[in-house]
Each structure stands twice: as C-alpha cells, then as structure tokens.
Amino acid sequence: MSVGSIVLVVLVLAVVGYVLGRRRALSTSAATGTRLHSLPGYYGQTVALFVAVPALLVLAAWLFAQPILIENRVRGMIPDSVIPEGGARSLVMADVRNIAGGLDAVLRRDALNEDALVNGNLDFSNVRVRLADVGVALGSDVPREVFDAAVTYRQSAKYGSIGMTVVVLAIALALGAWSLMRIKPKLRARNVSENFIQALLIASSTIAILTTVGIIFSLVFETANFFRMYPASEFFFSTVWNPQFRGGSDLGIIPLLWGTLYVSFVALLVAVPIGLMIAIYLADYAGSRLRSFAKPAIEILAGIPTIVYGLFALITVGPFLRDWIAQPMGLGNSSSSVLTAGLVMGVMIIPFVSSLSDDIINAVPQAMRDGSFALGATQSETIKKVILPAALPGIVGAILLAASRAIGETMIVVLGAGAAARLDLNPFEAMTTITVKIVSQLTGDTEFASPETLVAFALGLTLFVFTLALNVLALYIVRKYREQYE
Amino acid sequence: MLTEAATEKALERKMSEINYKMVGKDVSVYYGDKRALFDVNLGVRNNTVTALIGPSGCGKSTFLRCLNRMNDTIANAKVTGKITLDGQDIHDPDIDVVELRARVGMVFQKPNPFPKSIYENVAYGPRIHGLARGKSDLDQIVESSLQKAGLWAEVKDRLHEAGTGLSGGQQQRLCIARAVAVSPEVILMDEPCSALDPIATAKVEELIHELRTNYSIVIVTHSMQQAARVSQRTAMFHLGHLVEEDDTDKMFTNPNDQRTQDYIMGRFG
Amino acid sequence: MTDAIAATQGKAALSGDARTRRRHAAERRFRMMGLLAVALGVLALVGLLFSILSSGLSSFRQTYVTMDIYLDPGILDKAGNRNPEDLAKVTTFGYAPLIKNSLAKAMNDKGFNSQLEAGPAAELVSAEAPAILRRYVLNNPDQIGETVEFNLLASGRIDGYYKGRVTMASAELDRNISPEQLQLADELKEAGILTTRFNWDFLTAPDASDTRPEAAGVGVAILGSAYMMLIVLALSLPIGVAASIYLEEFAPQNWFTDLIEVNIANLAAVPSIVFGILGLAAFINFAGLPQSAPIVGGLVLALMTLPTIIIATRAALKAVPPSIRSAALGVGASKMQAIFHHVVPLAMPGILTGTIIGLAQALGETAPLLLIGMVAFVRDYPAAPPEGFFDPASALPVQVYNWTQRGDPAFVERASGAIIVLLVFLLLMNLIAIILRRRFERRW
C-alpha cells in the first residue's frame, strides 16, 4: 500500500473511532443510568486521537528509518572487488538503486512475475539492454553482485513497505480498540484528550530544538570528516583558495572571509546612514502623507526576494559600474565586483536598518524629547544629542543584526560579486564570499566524499558560528537597552 | 453692551498696572475635535509663583504647555487665542520657538534626566544655546545651576556619573537645575512633586521658594497644601474653564466661586 | 513704559541672533539629509522594479511563424495504419521537411521567390518547432493527411530582433543569423507570416535547452513552487500554531521553555543557505529522499518558515486580552477550551497574516534550493500530488538563477520575465494578507 493510502486509511479509521466512541459513551451512560463526565464528543475524540496520532508517528519514523537500514544491509553485500578503481561505494550504490527502480519497469513491461527475479531465473545476460529499454541508463555492464544487491534492495524495500502497512494499521486498530473498551461514563474523557493535545503542543514546540540540533549535527559531522582529510590549520590560515578536481587543492578560508567582510562592509556603508536617516526622518519629520507612502515603499524592499536583487546586480548595477566608473577610471573591467554586490546588498538591508532603528528611536521615551525641547533645543539637536545617544546601544544591535544578514546573504553575491577568490583592496575587482563557495562546491560534479565538497560544510559551520555570535550579541545588547526603559 | 465694554476697559487698565510677565488671552486648545481649553484669560506676574489647581483633566497642564508651545509637539493639537511674553505674541510667525523655550523653561511631572552624566545633563542647554564661552565658563554655569537647585552639595563629587542613578527627588532637582542653566525668565512646572516622597517634595518646594526671587514660576499641582505653601497667586481650573484667579491667601480662605470652595474643601476632584 | 521696554527686549531676544540662525541652518541641512535618504530608498525601489520590468516584460510577447502545414501521410505514416507505435518512430528530423515545405508554399502564395529564400527562411523557425509539431501529431493521429494552421515559434534571434536585442550590426558577427535573414524576416512580417503575440507558453511550457531560449517557460517551475508551498503550509502552519499556543499559553517558566525560545529566536536569524546544508545532509544524504524533489524543498522551507509563523502567532495570541480568557474560564471552560474556542479564533486573522507573509518569504527563497539539487535541468512536469512531491521539479526563483547562468542573452529576458511572475505571486499573497488584516483587525 502506498504511503498516501495508508494515511487515508488511518484517517478513516480515526473518523470511525470517533463515531464509535461517541456512540459507546452515550449507550453505556444510558444503560447504567450514570451521567457522562464529559461531553460525548470528547469520548469520540479520545478514540480518534489514539487511533491516528501514534500510528502516523510510527509511519513517519518508519519512512525515515527504512531506507537507512536497507542501505546499510545492501551496502554490506557489495564486495570491494566490484568497486571500480578510483570510484566509490556510493557510486555503486547509486547503480543499485537505479537497477532496483528499473526492475519494476522491466517486470511490468515483460509481464514477468516476481518468481523470475527471486529464483534467479531472469535472463541476466542482457539486463543492461533491458533496463535501457525502460529508460534506466547504466554506465557499464553490471556485475552479478551488483545485480543481486539490487534484487535484495528491491526485495527488502518491498517487505519493508508491507511490514510498515501491517504495523501501522495494527497500531491504529489496537489502540483504537483499547481506548474504545475503556470508555465508561466515569472516564474523564475531556481531560484525557486535553492532556493528549497538550502533549502534541509540546512536541510541536520542540521542533525548533530538533532543527537546531539537526543543523549543528550535520555541520559538525561533515566538518569533522573534512578535517580528517584536510588539515584544519591550512583551512583557517592559508591565504590561497584553489580547489582542484584531481586533489591537491588549496582550501584556505581567508580570501573568502575577506571577500565576505568586504562586501558586507560596503553594504553597511550604504545601508546604515541611509537607513538611519530614513528612520529619523519618517519618525520625527515626515508629514502623514509622505509617511503613509514612503514607509510601505521602503518595507517593500524587505519583501523582495534576494534573487531579484541578484538579477538587478547582474543586469543593471554591475554593467553600469563597469561602463561608467571602473573602465573610464581604469580600475577594472569586471561587471561583478565587491562594489556591485555591496551596493545592491546595501539597498536590500536598508529597510532592515530603518525599521529596527524606527522601533528603537520610538522606544526612547517622549519625556526625553520633551526635556530637550523645553530647553529650546531644535529638533535636530534633540535627535543628535539626546535621542541618538540614548538609542545608541539599540542601534548598534540593529547594525549587528544587519551585518549578520549581510554575511549570510547568498544570491546577491552569487550573481554580483564574482567567483574569484582574491585578497585585494580594489572594490571594482570581483571577489568571492563564503556563501558563494558553499553553493559552488555543493552544486558541482565532484564526488561527495572529497575534501573539495566537504569543505562546504566547514565553510557552513564557520558561517553559522559567525552569524550566531553576531545575533546573540545583538539580541543581548538590544535586550539590555529595552530593559533600560522598562 | 456698555457694561461689557466698561469691564473690558477696567480689566485692561488693571492689567497694565500690574507687572505681568506673560499674559494669555482667550486661549483655547483643541486636541483633534475635542476642545480641552475654553477661552482662558490668565496672566503670570513677575517674580511670583502662580499655582494652577483643579481636578484631573481640567486643562491646567494643557494651559501650562501652551506657555512655551510644548503643545506644538503633539500632532493634532491646535491652540487659539493670544499669549504674550513681555508683551510679544509667542505665536507670532517671527518668533522662534527655540528661543521661546530658552526663556520659558519647563520641569516635568516625572523626572526625565537624559541618560548622560549629571554634568552633561546640566551642560546640555547652555551648550546648544551657546551660553558658555569656554570650559571654565560652562563649569561655572553647571555649578551655579546645581547650587540654585540645591543639588550641588550632594553631587559635586560625582558630576560625571549617570544622572539616571540619582534618587527620584535628586533627579527632579537635576531637571530643575537643567532648566535653570539656560537662564530662563519663566519656569513652568508640571506637578513636579507628584512622583516624589515627602522629604524630596519639601526640598523641591523650598527650592521653588528661593527661585522665585529671580524667576516667574507657574506650577501645576494636585496638592492644595502645596499650592498654599509655595504660591502667591492661584488659578482654579474646571472642565477646561478658568473658574477664578486670585491671591493664594484669598483663594484658600474666601474664594468667590462655589466650585473653588468645594474643590479646596475636598468635595470633588 | 515698562511694557515698551519689555517688548523691545522681547523682540530682540525672541527673533534670534546669528548663532540661532546657524542652528536653524543646521536643522535645515539635517532635514534635507533625511529627505534625501528617503528619496534614495524610494528611488532604489523604483530603479529595481523598472530594471526588472523593462528587461522582462518582453518575455510575455513572442514572435511566431504562422502557416498552414500539410501533415503528409507519406512521411508521417508510411505504414498507413495510424498505429501510435509506428507514428512514434518518426523522429523530429522527419518533421523538419514538413515545416520547410509548408513555409516555402506559404511564401510562394505571398509572392516571395521561394526557390531562393525558403532555405534561409526555414532557419528563422525555432529548432523546437518540429518537436511541437510531432507532439501534436502523436496526440491527434486522425489529423494526418489534413492541412492544419500552426503558430510555430520563431527562433530566439528573430524574436530578439523584434525586441531590440539583435541588430543588423550584431547579426554581422553572429553565426546563427545574418543581416539578410533579418531583412527577410522584416519582409515576412510585412506579409503576415511572422507575427508577435502574447506568449501563453511562457507561463505553461517547461524549461528548454541552452540553444532554444524562445521555447523556455516557467510551467514546471510554477508547479514545483506550488507543490513546495503546499508542503510548507501543511507542515509549518499546524506545527507553528501548536508551538505558539504551548509557548504563549501553557509553558511554565523554566529552562526548557527558555531553551525553546532561544532556539526559535536564533533559527529566525540563521542564514538560509545553512538550511540548505541541513536539507542536503539530513533529508537527502541521511534519510535518502530524492534530489530535486519538492518534498525536500518543502521540508527545508517549512523549517525556515516556522520561526516567522511562531513569532507572528505569538504576537496575535498576546493581543487577545486576558479578559477573554477569564470570561471563558469564569463560565467553567477548561483552559484548553478557553484557548481553542475563544483565543485562537480571535487571533486567527493575525495568524493567517503571519502565515501568508512566511509563505511569501519561502516562495522567494533560492539559496537552500540550490543545494538540494533543484537547480537541475527538468523538462518533465511532476505528477499529481502526493506522488508528484517526490518527482524532480524546479522552482521559480531557482529557474531564474538557472537562466542567469546560461550564455544566450535571450535568457536574461526570460529570467526577468520569471521574476515578474514571481513578483506577481508575491504581490497577490501580500494583498491577501493586507485585506485579511484590514478586514478583521480588531481594536481592544
């Protein structure tokens, strides 16, 4: 049975359980003459919850675990001898999966039955041709072992899904029957179902923890693999980034870090003054007409996807800077450059700075302004000498948050900054960033278990730690600042 | 008709005899559609403490905020009528609200020191108005202002600590020192003691008493005793109207209006 | 007397000296700087939109070659039995002469010298055209032997010529087109064989190969994005609302609650590409889900959207005054009843608004999808859900990225066009959010 139909059956069972539970509650109450503790619906609800929730959870767990178990089992069946030189077990495993998938189509097309496979009656000699006929292309002729592994793979997957169907439906029925049996008028059905729901609520809120654990685990695990193949000191201190397909790469993070920080710096140079002035102007000067138009307009900038900014950098800003500034002044002739990415990213984080600063400036109590105005200060004096100093910690926090956003930004730099790892001061040169290299190392054709690919995880971990530290610091500062006025 | 004109004349004569610092004539205030003040006529005399009393929401704070145009900072507030400072209309387009506020200072209900040092709090006003010619000059102004506010002895050793670290009473006196530092001619006080304990209140009242020799003071208060203690003139407001205005002694012993009588006796408010 | 003196003093003091004038000048400068900043911000928005619109709007118009094509049974069905298997054996190469011949005939009718010009003219038709023709024949075998009118795509260069991308000068240097062919195209246009019309195919067609930008569309990408949004909605809305209800209404003040709160706050700030790494490592490598599939993209985007929804939902729950809860509890409702019967329905507009905004963010997200293989070239439409969730698909923003990486400048136009489609979807979602907020906003 497919996953979809299992889910459907379980849900139908839950509805049936609800109806039965409700009816049973009413009938026992009528028979014994006792009043029900809860509304009859709650009795139905307990049954439905016990039918559906555990069964669906088991289903999800099974779906998650089965491929891993089968993979491990089949992996053991492949002898080292069939692994081609210079290749890897994972490539052979990909073949196994392909064949297993193709076999279904072969069987269907040739109207063969399962026995042919299991008993080895299938004509093995032309497996490759037959598979190619149904659209499964294989690189080379398939060794017998790989074919057997594929048959086992297919077989296990099949038994697995049968097992899953049986177990899930059994759980649903058993728990349903149990909860149905225990319905008595005295059962506090409302409390039971409410406790059940509360448990679900708690489980939902732990997803956030699981996600963080998942991120940290996947980053740390593969980074450790990377450092086993490539020395950590080289990674952190080498100033050369030069990955090679054939190994012997230089994978120093320093040029990438430099590019990242340079682009972010340019972006902040654009966004902080403009964003801050926008916040001040809209909060303290602008009339309601201008505000009602400009504020949403600025906020729209925050809602535009980063790919749009990336394209803007690629087709408009980059060529403009190259043709009108860089080339006439002899500063370079690359359309992707630090300045291109920095300017566009700056525009992207303007609304970020302005809306955070707006909140922070508005959090400065009116009494402060009154105090300053009452002394005869002009509005700009009040802003510059009273409000901004008072709001400074909050604004610093906002800038740190914006910086973290800039450092983690990907699409703008992928399309605007370039791909050359370079340590240079000229902002009209193309440079590259950590995020660009994560994308290029993980979308390339290199084998997964090579340092050239795994370095992306080390880069990701660096990025994660960097942005996390900035955020924690920023949130700490902002919180301290808020407390000051509470 | 005749009598009205006659009283007007009489009033004008009376006004010109007395040495008024500020005069409000037919002052009305609207917050959006809501009218908060109805044609108030009230003068502030030189070197006098004028107390504004009345139940909550009667318009006394609103009137006070008119005197240095603090109502300008409220978006939909509108002020009509004429207010003069030394005979000059403060709403005149030529008038610079910045200069006005330098001459008509204000102290607020809740102490609102800036989150800066004590010294910087006091020095802020003189700095923006350019009253000091140098560092020593500024030090001088800060010291004398703090002395006038009766705070010097308590803070002279920690001038560079945060103003927000002072006690409530000290903070309020710091705010008074801050107002005094720009050498205003009038000081407006909006319930300056409502957030203070009795001892701090006594000190501030004592200070008001001393300040009277150099400044005209207008104080809004909820406390009858305070009004009686610190002021020479008292104005009673009710529901946005000025009920009456007279010498404090007379107001508290023999008021003309029944409402004043009732309010002072604590029958409403 | 005293009055007069006071008045002159007042005049002097109140109208301001040089210093005050300087201060006011500083005030004006500051104000101008603020206005300038606002203007810059608005200008950036206008520039951004103008740049995208001006380079992308043309992708909604396309140049077509209109002609009657005789579906010659002698070529298409030599056996004459209309057997689908036999029909399928004729490859696209077999269809090319049909087009060429029909074009020659059409040109002859219009008075062209077809002997000389039919050859170069046939090159004006897209290389995709035979495939389109073949698909039509396979779907309608009964039409063989008839003459049918077709609107076939013109080649990308010709299309570009009418959009100003290709000029006589650039054609001089171009191996794929010559100035003579452009002149011929002008004449054909005059004759009504070449027409430019609204390009529905752009919205429905799948991606096309590097050399056929004229045939590329966002159909698969729209479908893939829609699938992912369904998954995101189905996962993050219930989980997000459940988590918010727990944290806002039930959670005790302890280290566990703090841990959850800190986690949510930090997840909201984790760079999106890190979620892509999570998707690659956890969902593809560890759990063995297929690459390029909407299910993986949906899961990753759901995790990213969760903090947004939780933050919005908690704000909405917080805005429901405690008096509502007390009132419900006061009539004997359990806490759970008070929340589910009163608080959550009252908070619903806020929750939905937050959800839509979260979905809009997810719709525009690109970086994590690159890492889970959605950047692959996908021509086949995914099947209907739920099986289709596991088929390879593209997504709108990734399709844009994909097209920016190709050589032919015609793809820049396509990329901008795809962004316009994306922005229209985002605009619609935000409009719905605004209407919801306006309609149901409640002031307590």
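Start at a hairpin in chain B. Strands β4(B) and β5(B) form it, with 2 residues between them. In the turn, B:D86 has a positive phi of about 50°. Most residues other than glycine have a negative phi. This is a predicted model, and the turn is read from its predicted coordinates.

How many bridges join β4(B) to β5(B)? There are 2, and the strands run antiparallel. One of the residues involved is B:T84, whose bridge partner in β5(B) is B:D89.

Now look at the other neighbour of β4. Strand β1 (residues 20-31) of chain B is joined to strand β4 (residues 77-85) of chain B by 8 bridges. This pair also runs antiparallel. Two positions show how the strands line up. B:V23 stands opposite B:T84 in β4(B). B:V29 stands opposite B:V79 in β4(B). Strands of a sheet pair through backbone hydrogen bonds, either parallel or antiparallel.

Step back to see the whole sheet. It is open and has 4 strands, in the order β2-β1-β4-β5 (chain B). The pairing is antiparallel. Which strands are at the edges? They are β2 (34-45) and β5 (88-89) of chain B, and each pairs on one side only. A helix lies against this sheet. Helix α2 (residues 60-67) of chain B packs on it and touches β1, β2 and β4 of chain B. The direction of this helix makes about 120° with that of β1(B).

Two further residues of chain B deserve a look for their backbone angles. B:S183 is not a glycine, yet its phi is positive, about 50°. Find B:S183 in the loop between α7 and β7 (186-190) of chain B. Is B:S183 buried or partly exposed? Burial needs 20 or more other C-beta atoms within 10 Å. B:S183 has 18, so it is partly exposed. The second residue is B:E191. It is not a glycine either, and its phi is positive at about 45°. B:E191 sits in the loop between β7 and α8 (198-211) of chain B. This residue counts as buried because it has 21 C-beta neighbours inside 10 Å.

Next, see where chain B meets chain A. The contact takes 23 residues from chain B and 16 residues from chain A. Several elements give two or more residues to the chain B side: α3 (97-103), β6 (104-107), α4 (118-129) and α7 (168-180) of chain B. The residues on that side divide into 12 nonpolar, 6 polar and 5 charged.

Cross over to chain A. Its secondary structure comes to 18 helices and 2 strands. Chain A has 486 residues, and 45% of them count as buried. Consider its contacts between residues at least 6 apart in sequence. Of these, 76% join residues at least 24 apart.

One residue gives a local view of chain A. A:L175 lies in helix α6 (residues 144-181) of chain A. Which residues does A:L175 touch, leaving aside those up to four places away in sequence? They are A:F50, A:V51 and A:P54. A:L175 has 19 other C-beta atoms within 10 Å, so it is partly exposed. A:L175 and A:A100 are 75 residues apart in sequence, and their C-alpha atoms are 36 Å apart in space.

Chain A also meets chain C. Here 70 residues of chain C are in contact with 70 residues of chain A. Which element gives the most to the chain C side? It is helix α2 (residues 18-56) of chain C, with 20 residues. The chain C side divides into 52 nonpolar, 15 polar and 3 charged residues.

An unreviewed UniProt entry places the feature "transmembrane region" at six spans of chain C: residues 32-53, 226-247, 267-289, 295-317, 338-360 and 415-436. Compare two of them in the model. Residues 267-289 of chain C are 70% helix and 0% strand, with end C-alpha atoms 23 Å apart. Residues 415-436 of chain C are 100% helix and 0% strand, with end C-alpha atoms 32 Å apart.

Finish with confidence. Chain C averages a pLDDT of 85, and 94% of its residues score at least 70. Residues 1-12 of chain C have a pLDDT below 50. Beyond near neighbours in sequence, that stretch has 14 contacts in the model. Where pLDDT is low, the predicted coordinates should not be read in detail. For the complex, the predictor gives an ipTM of 0.88 and a pTM of 0.81.

Terms used:
Residues numbered from 1 in each chain as written. Chains lettered and ligands numbered in written order. Predicted model: local features only at pLDDT ≥ 70, side-chain atom pairs only at ≥ 80, totals over all residues. Contact = placed C-beta atoms within 7 Å. Nonpolar A, V, L, I, M, F, W, Y, C, P; charged D, E, K, R; others polar. UniProt positions renumbered as here; feature names shortened; annotations may be inferred. pLDDT = per-residue confidence, 0-100. Buried ≥ 20, exposed ≤ 12 C-beta atoms within 10 Å, placed from the backbone. Pairing = 2+ DSSP bridges. Axes fitted to C-alpha atoms, helices over the stretch in contact; angles between N-to-C directions.
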